Amino acid sequence: MPKLAVIILTKNEENNIVDCIRSVDFADEIIVIDSGSVDKTKQLAEGLNAKLVYHAMTEGFAGQRNFALTQTDAEWVFYLDADERVTPATADKIREIVNRDEKVVYSIRRENIVFGQRMYYGAHRPDYAVRMAPRKAICWTGKVHEGIHTNYPICKMTGYLEHYTYVTWQQYFAKFNQYTTLAAEEMYTDNKKITQLEVLGHTIGAFIRNYILNKGFLDGFMGLVMSLTATMYTMIKYLKLRNLYMLAQDNEE
């Protein structure tokens with residue numbers, strides 16, 4: 001029978017890694033790609049018989065995902081973030097797909113739980129992410145919101161992941177800072193430029209899109225809060241991009 005490897009990317013995920021690994025204990029192999037945890041992530045993962053491999057994040061999240069493909073011989077891979085959980089019904093569906101062994105790549109719905117509240121609208125409404133594929137059929141590109149390249153068709157699988165996005169504001173803003181920096185660096189590498197007026201336009205547009213068009217207001221107070229923080233994310237990543245150009249210009253003078 002074809003084998004399945006579940007791949008989990010980590011850095012300082014001691015609060016998540018145990019529940020994450022336990023939710024995929026049906027897999028033939030669980031591989032944790034760690035980019036330098038200084039907490040108990042390593043000990044906890046290895047205590048649950050996961051294979052832990054250190055790999056510095058020098059090429060963003062896509063680089064980590066591509067590296068992970070070299071660490072297993074399993075015919076199928078399923079990518080899972082440390083703050084995500086596979087439900088029992090979804091686990092059955094994953095095993096069924098592996099046993100069929102068809103040349104298809106799968107995306108799966110993620111239901112986002114933010115500070116204990118399940119979100120249905122706005123910036124954190126349920127979304128689909130490509131997570132499951134034959135190992136030899138894919139490669140990844142992009143530093144932050146990485147994308148997949150494949151010649152196979154991409155289909156939606158039934159079931160869903162529970163995504164426990166944030167528990168503390170310290171955690172939120174740590175990721176906020178990391179992701180906005182990576183996004184700015186990726187745009188800078190692509191020679192993308194933006195004016196002050198465009199920064200303002202994108203920022204206002206982000207709030208209108210998340211709070212009004214995507215009905216973030218229906219998620220109550222947290223819907224407003226997360227629409228505002230998503231708006232801040234948009235503004236800060238573009239301000240960081242402008243800052244990179246300013247620093248480059250100063251270095252040339």
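Which residues of α3 are buried? They are Gly 60, Phe 61, Ala 62, Gly 63, Gln 64, Arg 65, Phe 67, Ala 68 and Leu 69. Buried means under 20% relative accessible area, exposed over 50%, and partly exposed in between (1.4 Å probe, protein chains only).

This is a predicted model, where local features need pLDDT of at least 70, side-chain atom pairs count only at pLDDT 80 or more, and totals for chains, interfaces and linings use all residues. Residues are numbered from 1 along each chain as its sequence is written, and side-chain values use heavy atoms, without hydrogens and water.

Helix α3 spans residues 60-69, and nine of its 10 residues are buried. Helices (H or I, at least four residues) and strands (E, at least two) are DSSP runs, numbered from the N terminus. The buried residues of α3 pack against β1 (4-10), β2 (29-34), β3 (51-54), β4 (76-81), β9 (138-141) and α5 (169-189).

Now the interior. A nonpolar core is a set of buried Ala, Val, Leu, Ile, Met, Phe, Trp, Tyr and Cys residues joined through side-chain atoms within 4.5 Å. The largest has 29 residues. Ile 8, Phe 78, Leu 80 and Met 132 have the most contacts inside it. Elements giving two or more residues to this core include β1, β2, β4 and α4 (88-100). A second, separate core of 20 residues includes Leu 9, Tyr 79, Ala 137 and Trp 140. In soluble globular proteins, nonpolar side chains tend to be buried together.

Leu 197 lies elsewhere: in helix α6 (residues 196-213). Why does Leu 197 count as exposed? Because its relative accessibility is 66%.

Notes:
Contact means heavy atoms within 4.5 Å.
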